[in-house]
Amino acid sequence: MEYQNYTNSTSERICPQASTLVKCIKTVAYSSLMLTSLLGNLAVIAIVSKNKMMRTTTNYLIANMAASDLLISAFAVPRELAQIFAGSEIWLLDGLAGSISCKLVYFLQDISTAVSIQSLVAIAVDRYQGVVFPFRPPVITSKVCKVIIVVIWMVAMGLHGTYFYTARLVKTGQKWSCTFCWAPKFEEHTQERYFLFVSIFLIFFPLIVILTLYALIVIELKKKDPTENGTSRIRRQRQKENRAIVNKILIIVFLFILCIFPITILGLVHYFLWDGRDTCATTKLFTAMKFLLYLNASLNPWVYLILNERYRKGLKSLKSLHLIGEAWINSRIWPPKCWSVFMLSVRTNNDIEGWHHVRNRRAAGLCGLPFYLLVSLLNNEARLVSLQIRLVSERKLKRIQRAAYRQLQSRLFELWDAFNKREKSLKQLLKGCANINRPVIV
């Protein structure tokens, strides 16, 4: 929120400079928050994008929330880390780069909250229809969901578009600072009115809608008792899944309220009761509430991974592919040609049996061949090895191969060539090879 900048600009004038120990504790806390947020949210986005089974309406919206949470990790937290040591009033960049970064950093970090709460509203609407009206066609289909996601971002950016006017780079002495000012085109108290409007439209009203819908969902689930006589097994299973999904989403909503509400209430008190006046204690309270707000971005993805088994399986799949890719496929020490038939003609059981048949014919089909005859036969074969090597190197010796195996070999080479040209990913290569060589089920 915009009032965060006010606390930054006054903290050094009101409170004495923090000790080195406090700065180190803040650095560790913010660094840990940024790392867990980046890893968790990127994992959630990767799981949903790479797993077709995860591409549902709810998961698309969860991935959208993860994308918005990345803005906190990428812009808000690095700014806080810089200001811990440089000073909360100091903006490290000046000139055109400083002016652009001043506007963009606050703009991008604050649209994150707007995107998250609108996504929660869309999830609540989707769950409400799925539970209360399970036999009606879904209103939010996959295509509609993608349109909703675009609209969510447009609304968030539209409501915070004022930052490109109000956020300004100001020079005080030899230092640059990023401050907010509505003058000269707007009145002095425009900031308070704007904050109240954003709080109602983006915080209080959406939360009322969310809590109302989930209250109706809980009432409906209690009406449909899964142990009721005559309830089909499929319907009981569906109700059980609905309960599990609703419980997980409610935890996300609870965490969001827990992280966003304190700083929102504090901002309203700051503007309308304290009239913008701060003390050292209130400034420290603002700092703690701001950290709690940023903490929500790192908690969400880990809640999905802990509570949802499908997300955990998706994460294991990503880890397995990465391990295979690093240790076996892309390894310079142990490349695929050293341990597999990668880019080589595949030899089948028929090749070995064919060689045995030739040896048997030359032994006149005798069983229990005496040792001296076997040695003589193998010696004759050994004399032909050098000739065979020369014929193979000159491409004059050909294999007799069945049409089915020639076709299989050509499909494998097409996959390998596409992988080497980066037209196919590692997952597509392994999946394609598995489909070609899968066992025949009779």
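## Cysteines and the disulfide

Cys178 has a relative accessibility of 7% and therefore counts as buried, the limit being under 20%. This value, like the others in this report, comes from a predicted model. Cys102 is likewise classed as buried, at 0% relative accessibility.

These two residues are joined to each other: a disulfide links Cys102 to Cys178, with an S to S distance of 1.8 Å. The count for the model comes to 1 disulfide. The angle about the S-S bond is 70°, and the link of Cys102 and Cys178 is right-handed. Cys102 belongs to helix α4 (residues 95–132) and Cys178 to strand β2 (residues 175–180), so the bond ties together parts that lie 76 residues apart in sequence.

Cys145 is buried, with a relative accessibility of 0%. Cys181, by contrast, is partly exposed, its relative accessible area being 30%.

## Annotated transmembrane regions

An unreviewed UniProt entry carries the annotation "transmembrane region" for residues 28–48, 144–165, 194–219, 245–273 and 285–307. Two of these spans are characterised here.

For residues 144–165 the composition is 86% helix and 0% strand, with a separation of 33 Å between the end C-alpha atoms.

## Packing of helices α2 and α3

Helix α2 comprises residues 20–50 and helix α3 residues 57–86; the two pack at an angle of about 160°, and their axes are 9 Å apart. Because an angle over 145 degrees counts as roughly antiparallel, α2 and α3 are assigned that arrangement. Their crossing is left-handed.

The residues that form the contact of α2 with α3 divide into 19 nonpolar, 6 polar and 4 charged.

## Leu293 in helix α9

Leu293 is located in helix α9, which covers residues 280–307. With a relative accessible area of 12%, Leu293 is buried.

Leu293 and Ile263 are 30 residues apart along the chain, and a distance of 7.4 Å separates their C-alpha atoms.

Definitions and conventions. Residues numbered from 1 in each chain as written. Predicted model: local features only at pLDDT ≥ 70, side-chain atom pairs only at ≥ 80, totals over all residues. Heavy atoms only, no water. Disulfide = S-S within 2.5 Å. Helix = DSSP H or I, 4+ residues; strand = E, 2+ residues; numbered from the N terminus. Buried < 20%, exposed > 50% of the residue type's maximum accessible area, 1.4 Å probe, protein only. UniProt positions renumbered as here; feature names shortened; annotations may be inferred. Axes fitted to C-alpha atoms, helices over the stretch in contact; angles between N-to-C directions. Parallel < 35°, antiparallel > 145°, perpendicular 65-115°, else oblique. Left-handed = near helix turned anticlockwise from the far one by under 90°. Nonpolar A, V, L, I, M, F, W, Y, C, P; charged D, E, K, R; others polar.
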